[in-house]
Amino acid sequence: MIDDRALVARVVSVDKQAFRLLIKQHERLVAHMVGRLVDRNEDREELCQDVFLRVYEKITEFNFQSKLSTWIATIAYRMGVNHLRKKKIELSDIPEEERFTKHFISDNDPQKSLKDQKLETMTLQLIERLPPQYKAILTLYHIDQMNYNEIGEITGLPEGTVKNYLFRARNLLKEKVKKYLGKEQLL
């Protein structure tokens with residue numbers, strides 16, 4: 001595996017194979033970032049391509065102040081946010097609490113009949129229903145295993161806001177899971 005400095009140098013020197021390698025190494029990250037913000041498949045595919053075009057255009061400006069993956073994720077995040085703004089979806093309008101009915105299950109009565117795989121699948125579906133910024137931050141932290149500073153770099157949010165959004169995202173997800181488990185108990 002080629003290190004980031006050598007890879008960037010090869011891409012800058014117009015090495016098409018190096019650029020293909022860069023795409024291959026980072027396509028999952030870009031797909032995650034874009035996928036957490038944009039719902040429509042057609043828009044996601046086009047946006048992912050646009051992200052890599054932007055990376056190619058701006059690669060000479062990359063100065064290794066952060067990891068290459070962080071820089072690429074930042075581009076993907078910002079392009080995703082800009083796409084949402086163009087579609088008139090305001091990220092600042094994230095509700096404090098989504099209006100769901102809270103169903104609580106008692107700690108001593110876990111959903112024994114629910115298989116882990118089914119719960120995991122439903123949890124991933126519920127994550128998809130979170131507001132875009134919450135979904136993105138939750139994914140960056142738990143799936144892509146980035147720390148608060150890296151997420152802050154990518155999103156342009158202060159560390160305190162990242163922590164706050166992560167806390168809110170977890171709480172919203174917890175409530176959605178509780179609601180789902182409550183419905184499952186009734187079946």
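Read along the sequence, the protein follows the pattern α-α-α-α-α-α-α-α, and its secondary structure amounts to 8 helices and 0 strands. Helices (H or I, at least four residues) and strands (E, at least two) are DSSP runs, numbered from the N terminus. The model is predicted, so that local features need pLDDT of at least 70 and side-chain atom pairs count only at pLDDT 80 or more, while totals for chains, interfaces and linings use all residues. Residues are numbered from 1 along each chain as its sequence is written, and side-chain values use heavy atoms, with hydrogens and water left out.

Of the 187 residues in the protein, 44% are buried. Buried means under 20% relative accessible area, exposed over 50%, and partly exposed in between (1.4 Å probe, protein chains only). Among contacts (heavy atoms within 4.5 Å) between residues at least 6 apart in sequence, 74% join residues at least 24 apart.

The largest nonpolar core holds 52 residues, of which Leu22 and Leu68 touch the most other members. Such a core is a set of buried Ala, Val, Leu, Ile, Met, Phe, Trp, Tyr and Cys residues joined through side-chain atoms within 4.5 Å. At least two residues of this core are supplied by each of helix H1 (4–12), helix H2 (16–37), helix H3 (41–58), H4, helix H5 (116–128), helix H6 (132–142), H7 and helix H8 (159–186). H4 gives the largest share, 10 residues. When neighbours within four places in sequence are left aside, Leu68 is in contact with Asp4, Leu7, Val8, Leu22, His26, Ile59 and Phe62.

Two packed helices are described by the angle between their axes and the distance between the axes. Axes are lines fitted to C-alpha atoms, for helices over the stretch in contact, and angles run from 0 to 180 degrees between N-to-C directions. The axes of H2 and H4 come within 9 Å and cross at roughly 35°, and the crossing is right-handed. A crossing is right-handed if the near helix is turned clockwise from the far one by less than a right angle, and left-handed if anticlockwise. On the H2 side the contact involves Leu22, His26, Leu29, Val30, Met33, Val34 and Leu37, which meet Leu68, Ser69, Ile72, Ala73, Ala76, Tyr77, Gly80, Val81 and Leu84 in H4. By class, the contact of H2 with H4 has 13 nonpolar, 3 polar and no charged residues. Ala, Val, Leu, Ile, Met, Phe, Trp, Tyr, Cys and Pro count as nonpolar, Asp, Glu, Lys and Arg as charged, and the others, Gly among them, as polar.

Helix H4 (residues 68–86) also packs with helix H7 (residues 148–155), at an angle of about 45° and with the axes 7 Å apart. H4 and H7 are therefore oblique to each other; angles under 35 degrees count as roughly parallel, over 145 as roughly antiparallel, 65 to 115 as roughly perpendicular and the rest as oblique. The crossing of H4 and H7 is right-handed. Thr70, Ala73, Thr74, Tyr77 and Arg78 of H4 make the contact with Glu150, Glu153, Ile154 and Thr155 of H7. These residues divide into 3 nonpolar, 3 polar and 3 charged. Thr74, which lies in H4, is buried, with a relative accessible area of 9%. Apart from neighbours within four places in sequence, Thr74 is in contact with Glu153 and Ile154.

H6 is largely enclosed by the rest of the structure, because 9 of its 11 residues are buried. These are Pro132, Gln133, Tyr134, Lys135, Ala136, Ile137, Leu138, Thr139 and Leu140. The axes of H2 and H6 come within 8 Å and cross at roughly 155°. H2 and H6 are therefore roughly antiparallel to each other. The contact is made by His32, Met33, Gly35, Arg36 and Leu37 of H2 and by Pro132, Gln133, Lys135, Ala136, Thr139 and Leu140 of H6. Its residues comprise 5 nonpolar, 4 polar and 2 charged. Tyr141, found in H6, is partly exposed, with a relative accessible area of 26%.

Val14 is in the loop between H1 and H2 and counts as exposed at 53% relative accessibility. Phe64 is in the loop between H3 and H4 and counts as partly exposed at 24%.
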